Amino acid sequence: MDVVAPGMRGDMESAGRIVVVSADIGAGHDTAAAELTRRLRRRGFVVDRLNFLEALPRPARWVVRRAYRGILRWLPWGYDALFALTSRSRLSVSVLRGLLRPLRGRMRRSIPPDTRVVVTTYPFANQLLGPLRRHGRLAVPLLTYVTDFVVHPSWLCEGVDVYCAVRHAEPQPADDVALTLVQPLVSRALASSTAVGQLPARQRSGLPPDDRLTLTVADAWGAGEVEDTRAEVAAAERDDPASLVAEVASRAGSAGVDDRSHRLVDSVGDAVAVVAALLQSTGGLR
């Protein structure tokens, strides 16, 4: 994420402290935060990582983690319903913001006074920090890196200075949001593995050099209809990968390359390098 807010580059050229706010639900938000932290520290910044869930009372923290995982595992339709509700009704996001209001002071006190920028990789953190920024209780710029494929309304809050998103993360038409397009926060290990090319990666994994392989990806908890997705991939016509992606991407499950995915588990870079199509069901690990 090399793009910064207009007028900020001069202030950020020298080392300083940056606070990155994420959440340890699954792994996608934390993985993006970890890669951003690594890049910023290489540039000489002091980076503090804050876990949004740590701002919650302990019982609420436990409930959020268990409830989220339980919905994904046992009631996946509940996740769709929640996503649809917050997409169609701004009131639901306002209610969430109101519920988080008592935690604003605690979050503000957790940000060191010498902080120069706050960056979030978790949408609910915006609902907590945005009002602080809007009312002047957070005196430094507030940026967010959208880890989803769309800018869901739960990311949007007055007070956020800059929304950074990858190319295809577009807001809903009703949302007047200016996006700053950035490159995905891909780790160096992944980039270096894929750079070697498909054939060497297949040779290392003992995979046939000419077969068309497809990678299906979900979140760190394996959400999605994994077996159904792999069955659809196996049955699809090999000469039409575009229609295949359109049909089953929304139901893609946990990572797997063909029936020999166990050979690639130690190298995510190789897993991406060897495939002809990638089916992604969530923001996931970029």
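In the predicted model, six strands form an open sheet in the order 2-1-3-4-6-8, with parallel pairing. Strands (E, at least two residues) and helices (H or I, at least four) are DSSP runs numbered from the N terminus, and two strands pair if DSSP finds at least two bridges between them. Strand 2 and strand 8 (179-181) are the edge strands, each pairing on one side only. Direction ignored, neighbouring strands of the sheet are turned by 25° against each other on average; axes are lines fitted to C-alpha atoms, for helices over the stretch in contact, and angles run from 0 to 180 degrees between N-to-C directions. Residues are numbered from 1 along each chain as its sequence is written. Because the model is predicted, local features need pLDDT of at least 70 and side-chain atom pairs count only at pLDDT 80 or more, whereas totals for chains, interfaces and linings use all residues; side-chain values use heavy atoms, with hydrogens and water left out.

Strand 1 (residues 17-22) runs parallel to strand 3 and is joined to it by five bridges, with Val 21 opposite Thr 120. Strand 3 is in turn joined to strand 4 by three bridges, again in parallel, and Val 119 stands opposite Leu 143.

Two aromatic pairs were found in the whole structure. Rings of Phe, Tyr and Trp (its six-membered ring) pair if their centres lie within 6.5 Å, with planes under 30 degrees apart counted as stacked, over 60 as edge-to-face and the rest as tilted. The ring centres of Phe 52 and Tyr 122 are 5.3 Å apart and the planes are at 45°, so this pair is tilted. Phe 52 lies in the loop between strand 2 (46-51) and helix 3 (58-74), and Tyr 122, 70 residues away, in the loop between strand 3 (115-120) and helix 7 (123-134). Relative accessible areas are 3% for Phe 52 and 7% for Tyr 122. Ring pairs link these two residues and Phe 124 into a cluster.

Definitions and conventions:
Buried means under 20% relative accessible area, exposed over 50%, partly exposed in between (1.4 Å probe, protein chains only).
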